[in-house]
Amino acid sequence: MALCWICKTEEGTTGEHLTKRSDIKAVLGGTGPLHLHNRQRRNIKLQSLNARKLKSTAPMCNTCNSWRTQLHDYAWETLSDALRLRRPGLKHGDIVRADRIFPYDTAKQMLNVHLFFVKWLGCQIVESNIPINPPIDTFSKAIMNGTPHQNIWLAFGVSGRDGWVGSSDVGAATFASTPGTYDYLCRIYEVGRLHVRVRFSGVKLKDDWHPRDRNRFIIADLTGEHKN
Ligand SMILES: [Zn+2]
């Protein structure tokens, strides 16, 4: 049994959901048939929200999955709900003030959102064994210490594409790093029209948000980005 990729002390047993259960439920409903999609596995019918295909195979221990990262999961659930249920609906160019969504401990809660996506991308990197620079240890350190990962950028946005829950494949590139390792990754997390572009990169793009920024972000136009 492999060790948990986050704490590296306990045995990894449980699989993290590739997409939050709450997000799957919100878009697809809790009762009807569920369909999973990604580049290789398009439109696979699933029997339940706990289906193994919905879970990452990256080894994670129960402590990390259900205790250490629980507040990160809750923070994303809260933000996801707030953005999806906003009326009038989100549109490109909207400015979202995080203190309207998290009136208390705004910076801490937004850091938790950031760390949720550090875990989400980290699981994919571990599962697919993608060599990256700076190394995957920087992901586990951020989660263990509750500190931002300096190379993880989030862009919250909307897409014309709706009715799907899932994620894009990981796009990878090498810019300044040694050959054979990637210093750039990009993956889109999709919940209906709400898309989150998660990038591992040394460079900030317009519309990117990072915990060191102010607690506000702009809604980006991410239409077409899932094809990356
Ligand atoms: Zn662990």
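These questions and answers walk through a predicted model of one chain.

Student: In which element is confidence lowest, and what is its mean pLDDT?
Tutor: The chain averages a pLDDT of 86, and 86% of the residues score at least 70. Confidence is highest in helix H6 (residues 137-145), at 98. Where pLDDT is low, the predicted coordinates should not be read in detail. The element with the lowest confidence is strand S2 (residues 44-46), at a mean of 51.

Student: How many helices and strands are in the chain?
Tutor: The chain has 228 residues, of which 38% count as buried. Its secondary structure comprises 6 helices and 10 strands.

Student: What share of the contacts between residues at least 6 apart in sequence join residues at least 24 apart?
Tutor: Take the contacts in the chain between residues at least 6 apart in sequence. Then keep those that join residues at least 24 apart. The share is 74%.

Student: What end-to-end reach does helix H5 (residues 106-128) have?
Tutor: H5 has 23 residues. At 1.5 Å a residue, 33 Å is expected. The reach from its first C-alpha to its last is close to that value, at 33 Å.

Student: Is H5 mostly covered or mostly uncovered, and how many of its residues are buried?
Tutor: Burial here takes 20 or more other C-beta atoms within 10 Å. H5 is mostly covered. Of its 23 residues, the number buried is 18.

Student: Which element gives the largest share of the largest nonpolar core?
Tutor: That core has 51 residues, and Phe 117, Val 118, Leu 121, Leu 154, Phe 156 and Val 198 have the most contacts inside it. The elements that give two or more residues are helix H3 (70-85), H5, H6, strand S4 (152-158), strand S7 (184-191) and strand S8 (194-200). The largest share is 12 residues, and it comes from H5.

Student: Which residues does Val 198 contact, leaving aside neighbours within four places in sequence?
Tutor: Val 198 is one of the residues with the most contacts inside the core. Leaving aside those sequence neighbours, its partners are Phe 117, Trp 120, Leu 121, Ile 152, Leu 154, Arg 187 and Tyr 189.

Student: Are H3 and H5 roughly parallel or roughly perpendicular to each other?
Tutor: Leu 71 and Trp 76 are among the H3 residues at this contact, and Val 113 and Phe 116 are among those in H5. The axes lie 7 Å apart, at an angle of about 105 degrees. Angles from 65 to 115 degrees count as roughly perpendicular. H3 and H5 are therefore roughly perpendicular.

Student: Is Asn 129 buried or exposed?
Tutor: Asn 129 follows H5 and lies in the loop between H5 and H6. Its phi is positive, about 55 degrees, although it is not a glycine. Because it has 8 C-beta neighbours inside 10 Å, Asn 129 counts as exposed.

Student: What is omega for the peptide bond between Asn 133 and Pro 134?
Tutor: Pro 134 lies in the loop between H5 and H6. The bond joining Asn 133 and Pro 134 is cis. Its omega is about 0 degrees.

Student: Where is Pro 88, and what is omega for its bond with Arg 87?
Tutor: Pro 88 is found in the loop between H3 and strand S3 (95-97). A cis peptide bond joins Arg 87 and Pro 88. Here omega is about -5 degrees.

Terms used. Residues are numbered from 1 along each chain as its sequence is written. This is a predicted model: local features need pLDDT of at least 70, side-chain atom pairs count only at pLDDT 80 or more; totals for chains, interfaces and linings use all residues. pLDDT is the predictor's confidence in each residue, from 0 to 100. Helices (H or I, at least four residues) and strands (E, at least two) are DSSP runs, numbered from the N terminus. The expected span of a helix is 1.5 Å times one less than its number of residues. A residue is buried if 20 or more other C-beta atoms lie within 10 Å of its own, exposed if 12 or fewer, and partly exposed in between; C-beta atoms are placed from the backbone. A nonpolar core is a set of buried Ala, Val, Leu, Ile, Met, Phe, Trp, Tyr and Cys residues joined through C-beta atoms within 7 Å. Two residues are in contact if their C-beta atoms, placed from the backbone, lie within 7 Å. Axes are lines fitted to C-alpha atoms, for helices over the stretch in contact, and angles run from 0 to 180 degrees between N-to-C directions. Angles under 35 degrees count as roughly parallel, over 145 as roughly antiparallel, 65 to 115 as roughly perpendicular and the rest as oblique.
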